[in-house]
Amino acid sequence: MRFIDARCQLGRRCVIRENEPVTKAEILELMDRCRIERAVAYHAIAKEGDVKAGNMELLKDTEGDSRFLRQWVALPHTFGEFMSVEELLKGMKENSVSSIRMFPKTHGYSLKPYALGKFMDAMAEHKIPVFMTYNELASEDALYAMLTDYPKVNFIISDVSYREERKLFPILEHCPNFHIGTGNYVVHGGVKTMCEYFGAERMIFDTGLPTGSAAAAVSLICFAEISEEEKTLIASGNLERMLSEVEL
Amino acid sequence: MDYTKHIFAGAPVDFEVIDVHVHHGANPGYYPGPAGGDDIVHAMGRLGVDICCCTPGATASDFDYFNEQLAKSLDKHPHKLRGYVMITPHDAADPDRWFKRSPGFIGLKSIPFCQGEVSIDDPRLWDYYAYADRRGLPVLVHTWAAPEVEATTRMAEKYPNARFIVAHAALTGSAAKQALIDGMKQCENMACDTAISDTYDGALEWFVDKVGADRVLYGSDFITFECSHILGRVAMSKLTDDEKEKIFSRNARQWLRL
Amino acid sequence: MRFFDASCRLGRPAAFGEGMPWQTDEILEIMARCHIDGALAYHIVAREGETQDGNELLLREIAQIPQLQPQWCALPATYDEFLHADALRDAMKENGVRTLRIAPKSFAHSARPYAMKELMGFAAECRVPVFFDYGEAPCDELYEICHDYPDVSFVITNTAYALNRWLGPVLDACGNLYLGTGNYVPHRGLETFCKYYAADRLVFNTNLPTGSATAAVSLVCFADISKEEKELIAHGNIERLLGEVRL
């Protein structure tokens, strides 16, 4: 079974726990150990420092490296501080960047249409998936609002953990554009239950490397009580399909 | 000196200003405006600030990257900018390589609370403070609440030759202020800066009344936010001209050996 | 350059910092030191205690002080605890009050039209500018309030330096939003604001006594904008807004 990780962070970050992997070599060692073929990667500086500079650092760090699929962090174009939508799309095309990650809480901006309408229209038009971690959203209601404000954008929400099922179930029901990253989705029998109720298509394998455990993430899928076909979809098929649909 | 007149002119002031607390590089949490060395120097020119002592980035996730970005600016603006080397509890790097990298580096920046809520007196930072102690270097320490000030006092006692500049706490909450007053009375090698985005008129006067003006250093925390308002807050305060002159530059020249 | 402070506060606060000025003569001393000719002032009791009583206290406090002009705190007339629109108009006219300050979070009421329609309808009809601290309607709530009442001019005070990514889209979408400059201290904030939105939408204020008048004045003096823009911000815009009030 092939695994493609939908969430990996490259670059040195602010907080490093004892013995946590830091360098690309250490991340690759873990990927090899856990048989993860490739990973969608964004850069730590884009999250924790200068978004534009971090996106450029990502290009340098992944130059000629087919193990990593490039992901840029995006900001609204407020006060001209980030690329316009047109510039972003052009830059993505030129640099083989196929997805976007956003940090609305960390970076401090609204997700509402008055603020991000034009941006999300472009994501929908070009079928660019948008990734976020769950804690970047104020609440499950904020998640629901975002998903319904932009029904044509595919959102991959990760790091959901194991206590949110009751809140997320109705959102999964109502919002087919809501996909869950499986890393740390460690509800007891959660992967199986998701497959039963919503289909394996709604889950995307991810690890959260280097702060999340790749071994745990892989193990979760391997041991899930689902069919091999469903495992394959989750491990790589869904993400590959989504990224292949991007039109730049 | 008619400080008020200088402010109202809105033109570069002609009294010396050394800003001991400036940030170089973007802050991820909000739109910071132009944030590099050229932008800092441009702002200095508008206000008439003579020297800015810069710390890399906000909390410097990748401190190697941000230290290097600062080093480039120090090389480019050797007469206007000085730098602090960002240190971190997560890496036992040798700061010496940065002081060799650029003569513009003059001290260390310690902000461990923002690097995983680590205490200022965490043993992982002791080697850095010992380095500052051996060389008599300033250490700009980010503080906010009383426990952080108290931790800084402990380090100032342990490393008496290092020169600790306590950022922010002179103008935050009552407990922090009192801790800082106690610390500065206890340790001759503790100073403080004036960096805070928003406080009331009279706060600085109150603090100087408690500790004197000799170890209060002008710091703006620019480019985290604007700096012109901090200039005015000090310039138009009720402090005496002599106190203002000390705060604006004389103390920094002595403390930072500029 | 003349300065007119669009928002400061009088009255003894419940808690105040060491050395903080709060007495009216201390406020006036700072204003004089900073060359601030006049100010709109509200009373802390109106904001933190009894709104109508506090508004009355304000009038008594500033009766002999021509530099200070009254700003009333307001809330919906639920259970008649505040004046209804007609009575409010008459009282404001009689007492020379031309601006209102709301605080929906602090006063625990909704800012949506089902709750504030009467009050905001009055403000729109009489072109009374309405002030509130950013914290009273932050983030998306700011958009909602500006969008719900497009004919009311809102002035937000007590912003900070980290809000531009929130403020920008609201400023884009809502032409009725003005920014008080007190503590609006992003790096090159005034300059960037003038570039993207024009100086017309900035209103000088200090947030005295919790905010610094010396800092607020300095911010405008050193802003890298034209003299005309500084004049607009320092006093021109608030004078225009006040001049448009029709009670």
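Contact is taken here to mean heavy atoms within 4.5 Å. By this criterion, B:Ser73 of the predicted model is in contact with B:His24, B:Gly37 and B:Leu81, its neighbours within four places in sequence being left aside. B:Ser73 belongs to helix α3 (residues 63–76) of chain B. Its relative accessibility is 10%, and B:Ser73 therefore counts as buried.

In chain A, helix α4 (residues 85–94) has A:Val85, A:Leu88, A:Leu89, A:Gly91 and A:Met92 as its buried residues. These residues lie on the same side of α4(A), because the arc that they cover around the axis is only 165 degrees. An α-helix has 3.6 residues a turn, so residues three or four places apart point the same way. The other side of α4(A) carries the exposed residues A:Lys90, A:Lys93 and A:Glu94. The cover over the buried residues of α4(A) includes β3 (68–73), β4 (97–101) and α6 (113–125) of chain A. Just after α4(A), a positive phi of about 55 degrees is found at A:Ser96.

A helix pair was examined in chain B. The axes of α6 (residues 146–158) and α7 (residues 174–186) of chain B come within 8 Å and cross at roughly 10 degrees. Angles under 35 degrees count as roughly parallel, and α6(B) and α7(B) are therefore described in this way. From α6(B), the contact involves B:Ala146, B:Val149, B:Glu150, B:Thr153 and B:Glu157, while α7(B) contributes B:Ala175, B:Ala176, B:Ala179, B:Leu180, B:Gly183 and B:Gln186. Of the residues in this contact, 6 are nonpolar, 3 polar and 2 charged.

Over all chains, the search of the whole structure finds 25 aromatic pairs. One of them joins B:Phe99 and B:Tyr131, whose ring centres are 5.7 Å apart and whose planes stand at 35 degrees, so the pair is tilted. B:Phe99 is part of helix α4 (residues 96–101) of chain B and B:Tyr131 part of helix α5 (residues 126–135) of chain B, so the pair ties together parts that are 32 residues apart in sequence. B:Phe99 is buried at 11% relative accessibility, and B:Tyr131 is buried with a relative accessible area of 6%. A tilted pair is also formed by B:Phe225 and C:Tyr161, with 4.6 Å centre to centre and 50 degrees between the planes. This pair crosses between chains: B:Phe225 lies in the loop between β8 (216–217) and α9 (228–235) of chain B, and C:Tyr161 in the loop between β6 (154–157) and α7 (164–173) of chain C. B:Phe225 counts as buried at 1% relative accessibility, whereas C:Tyr161, at 22%, counts as partly exposed. One aromatic cluster consists of A:Phe79, C:Tyr184, C:Phe193, C:Tyr196 and C:Tyr197.

The backbone was also considered. Most residues other than glycine have a negative phi, and most peptide bonds are trans. In the loop between β8 and α9 of chain B, B:Asp221 is not a glycine but has a positive phi of about 65 degrees. B:Asp221 is buried, with a relative accessible area of 7%. C:Asn158, in the loop between β6 and α7 of chain C, likewise has a positive phi, near 55 degrees. At 28% relative accessibility, C:Asn158 counts as partly exposed. A cis peptide bond with omega near 5 degrees leads from A:Leu209 to A:Pro210; A:Pro210 lies in the loop between β8 (203–204) and α10 (214–222) of chain A. In chain C, the peptide bond from C:Leu208 to C:Pro209 is cis, with omega near 0 degrees, and C:Pro209 is located in the loop between β8 (202–203) and α9 (213–222).

Terms used. Residues are numbered from 1 along each chain as its sequence is written. Chains are lettered from A and ligands numbered from 1 in the order in which they are written. This is a predicted model: local features need pLDDT of at least 70, side-chain atom pairs count only at pLDDT 80 or more; totals for chains, interfaces and linings use all residues. Side-chain values use heavy atoms; hydrogens and water are left out. Buried means under 20% relative accessible area, exposed over 50%, partly exposed in between (1.4 Å probe, protein chains only). Helices (H or I, at least four residues) and strands (E, at least two) are DSSP runs, numbered from the N terminus. The arc is that of the directions from the helix axis to the C-beta atoms. Axes are lines fitted to C-alpha atoms, for helices over the stretch in contact, and angles run from 0 to 180 degrees between N-to-C directions. Angles under 35 degrees count as roughly parallel, over 145 as roughly antiparallel, 65 to 115 as roughly perpendicular and the rest as oblique. Ala, Val, Leu, Ile, Met, Phe, Trp, Tyr, Cys and Pro count as nonpolar, Asp, Glu, Lys and Arg as charged, and the others, Gly among them, as polar. Rings of Phe, Tyr and Trp (its six-membered ring) pair if their centres lie within 6.5 Å; planes under 30 degrees apart count as stacked, over 60 as edge-to-face and the rest as tilted.
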